[in-house]
Amino acid sequence: MTFRAGEAHHLYWGLGLLVFGALLGGIWGWVCGGVGAILVVDDLAQHFLGVDPSPVHRLYVRWLWPLPWVQKLNRWVDRLFE
């Protein structure tokens, strides 16, 4: 699997959650930061260590992708990064 910067990767979501968690502070800041760190590590493992499919990708495909609103959101975000 290759890394193309023009696609919405969970690396970006993870980095966003890390920043948001740092700004939020408190217990919810730690929760957001922890989830963000998991997403960042998972994306790096997927694209740079060859762990494919990654654990987060498996969960996404199984539980989130079947939801129509998630598919719409995914397509919208992908268009933002074109």
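Which residues in H2 are buried? In this predicted model, the list is Gly29, Cys32, Gly33, Gly36, Leu39, Val40, Asp42, Asp43, Ala45, Gln46 and His47. Among the elements covering these buried residues are helix H1 (10–24) and helix H3 (55–64).

**The overall picture**

Let's step back to the whole chain. The protein chain has four helices and zero strands, and read from the N terminus the order is simply α-α-α-α. Of its 82 residues, 24% count as buried. The accessible surface comes to about 6,000 Å², and carbon and sulfur atoms account for 73% of that. As for contacts between residues at least 6 apart in sequence, 47% join residues at least 24 apart.

**H2 and its length**

Helix H2 covers residues 26–48, which makes 23 residues. At 1.5 Å a residue, H2 should span 33 Å, and its end C-alpha atoms are 32 Å apart, so the two values agree.

**H1 against H2**

How do H1 and H2 cross? Their axes come within 7 Å and cross at roughly 160 degrees. Angles over 145 degrees count as roughly antiparallel, so that is how H1 and H2 lie to each other. The crossing of H1 and H2 is left-handed.

Leu11 belongs to H1, and it counts as buried because its relative accessibility is 13%, with the limit for buried set at under 20%. Asp42 is itself one of the buried residues of H2.

**H2 against H3**

The H3 side looks like this: the axes of H2 and H3 come within 8 Å and cross at roughly 105 degrees. That makes H2 roughly perpendicular to H3, because angles of 65 to 115 degrees fall in that class. On the H2 side, Ile38, Leu39 and Asp42 meet Pro55, Val56 and His57 of H3.

His57 lies in H3 and counts as partly exposed, because its relative accessibility is 33%. Leu39, by contrast, is among the buried residues of H2.

Now for the backbone after H2. Most residues other than glycine have a negative phi, and most peptide bonds are trans. Gly50, which follows H2, has a positive phi, near 80 degrees. Further along, Asp52 and Pro53 are joined by a cis peptide bond, with omega about 0 degrees. Pro53 is placed in the loop between H2 and H3.

Conventions
Residues are numbered from 1 along each chain as its sequence is written. This is a predicted model: local features need pLDDT of at least 70, side-chain atom pairs count only at pLDDT 80 or more; totals for chains, interfaces and linings use all residues. Side-chain values use heavy atoms; hydrogens and water are left out. Helices (H or I, at least four residues) and strands (E, at least two) are DSSP runs, numbered from the N terminus. Buried means under 20% relative accessible area, exposed over 50%, partly exposed in between (1.4 Å probe, protein chains only). Contact means heavy atoms within 4.5 Å. Accessible areas come from the Shrake-Rupley method with a 1.4 Å probe; for residues, only the protein chains shown count as cover. The expected span of a helix is 1.5 Å times one less than its number of residues. Axes are lines fitted to C-alpha atoms, for helices over the stretch in contact, and angles run from 0 to 180 degrees between N-to-C directions. Angles under 35 degrees count as roughly parallel, over 145 as roughly antiparallel, 65 to 115 as roughly perpendicular and the rest as oblique. A crossing is left-handed if the near helix is turned anticlockwise from the far one by less than a right angle, and right-handed if clockwise.
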